[in-house]
Amino acid sequence: MSAPPNETPQRGLERLLAALLHYGTAAACVAISIGLVMQWRGAHGQGVINAGIAAFIILPVLRLICMGIAFLRARDFRFVFITALVLAIMAVACVLGVLFSAHGH
Amino acid sequence: MDLHFEIWLFAVALGTSALGGMLGMASGIFIVPVLTIFGHVDIRAAVGVSLISVIACSCGSAAPFLRSRLTNVRLAVVLEAATTLGALSGVLLFNIVSVTVLYLLFAAVLFVSAQQMLSRRGDPATDVGEARAPSWTDALQLDAAYPDQALGRDVVYRVQRLPLGMLFMYGAGLLSALLGIGSGVLKIPAMDTALRLPIKISSATSNFMISVTAAASAGAYFLRGNIDPLMAGVVAVGSVVGSILGARILMRVSSEKLRILFIVVLLLLGAQMLLSALGISIGGHHS
């Protein structure tokens, strides 16, 4: 009774998220390192570094989207809603945060 | 920014994350004090840098926990609704709260963390056989099982007092956005006292949640231009490398000595942050 339903899809999701976070971190670190080396050699590496940092911020969002899709495929609509809610709160934080600072200064 | 400062930053990130990794603690709590006290970085800029490193460490260390079934993914997303809401509040307060308050808050977090480290955490999980009244949270099916190597079987655990846990998590999200930390300081009471999870599950699940919580505020700060990409980049890469090294050395060092070292460092940094708060309020020059 206490065991979660759909044990196998659950394991699949855990493996997928592990791979996403592992390779995502590696990719962002590589991008930032390339940008830093470019910068030290006098080239304009700023854009590449920014892309790496943006990747780190987007990675948790991708993680939530993957979870949302997995819940949807498992027809677990309650959790589809909760995942969507978290994504919506993040979006609102981002928009309000930017608007608010524009008015604040 | 000159190369010496960048190398210093990299070393700081690497060192604190390696040490943090050895005790299963996020390094975010060290990055802001070290950057402000020794690097003379503005505290708001330091928070932005620290948030990126917190995301990097959380994402970079999540895979092994997920593969060994210690992360409760369902519980994490439920609690993230509270932490991201806290982060949203933090984003709105970030430019209103004075620098002095940020320093004071940080000092308080460092002192409470030292105290938590001093009092050893007992495993709060109760026996599953224990009778419990059914609650509305049962419908969320958050209870799960994890493989325990010592016992050689799966251990079933129950999630309790979810609303209280959510309240703590809201606070954790708020602190995370204001101070650029993973907020272990509030997550430990949330996971132990309220939800009563086994320690392995609570460490893995709270580590998993940190990236989403930190990204909720980092997105706005990044778009506002509050995050210095060079500093954040160096610190993020240093932290990831450091946390990998820390996990490797973990088994070889006496964790008792390390714990005492950590408590001393937390207290020293807390005292210095308190002095910075007073210094700024007396001197009155805000940056």
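Angles under 35 degrees count as roughly parallel, those over 145 as roughly antiparallel, those from 65 to 115 as roughly perpendicular, and the rest as oblique. On that scale H6(B) and H7(B) are roughly antiparallel to each other, with an angle of about 175° between them. The model is predicted, so that local features need pLDDT of at least 70 and side-chain atom pairs count only at pLDDT 80 or more, while totals for chains, interfaces and linings use all residues. Residues are numbered from 1 along each chain as its sequence is written, chains are lettered from A in the order in which they are written, and side-chain values use heavy atoms, with hydrogens and water left out.

**Helix packing in chain B**

- Helix H6 (residues 162-179) of chain B packs against helix H7 (residues 184-194) of chain B with the axes 8 Å apart, where axes are lines fitted to C-alpha atoms, for helices over the stretch in contact, and angles run from 0 to 180 degrees between N-to-C directions.
- Helices here are DSSP runs (H or I, at least four residues), as strands are (E, at least two), numbered from the N terminus.
- Among the residues that meet, H6(B) supplies B:Leu164, B:Phe168 and B:Leu175, and H7(B) supplies B:Val185, B:Lys187 and B:Met191, contact meaning heavy atoms within 4.5 Å.
- By class, this contact of H6(B) with H7(B) has eleven nonpolar, two polar and one charged residues, where Ala, Val, Leu, Ile, Met, Phe, Trp, Tyr, Cys and Pro count as nonpolar, Asp, Glu, Lys and Arg as charged, and the others, Gly among them, as polar.

**Buried positions in chain B**

- B:Ser17, found in helix H1 (residues 3-22) of chain B, counts as buried at 3% relative accessibility, buried meaning under 20% relative accessible area, exposed over 50%, and partly exposed in between (1.4 Å probe, protein chains only).
- A polar atom of the B:Ser17 side chain lies 2.8 Å from the backbone oxygen of B:Ala13.
- Leaving aside neighbours within four places in sequence, B:Ser17 is in contact with B:Ser27, B:Cys57, B:Ser239, B:Gly242 and B:Ser243.
- Helix H2 (residues 28-37) of chain B is mostly covered, with ten of its ten residues buried.

**Chain A and the cysteines**

- Chain A comes to three helices and zero strands, and buried residues make up 39% of its 105 residues.
- The whole structure holds zero disulfides over all chains, a disulfide being a pair of cysteine sulfur atoms within 2.5 Å.
- For A:Cys66, the nearest cysteine sulfur, that of B:Cys59, is 12 Å away, and A:Cys66 counts as partly exposed at 21% relative accessibility.
- The sulfur of A:Cys94 is 16 Å from the closest cysteine sulfur, in B:Cys59, too far for a bond.

Key
Polar contact = N/O pair within 3.5 Å; in protein donor to acceptor, adjacent residues only side chain to side chain.
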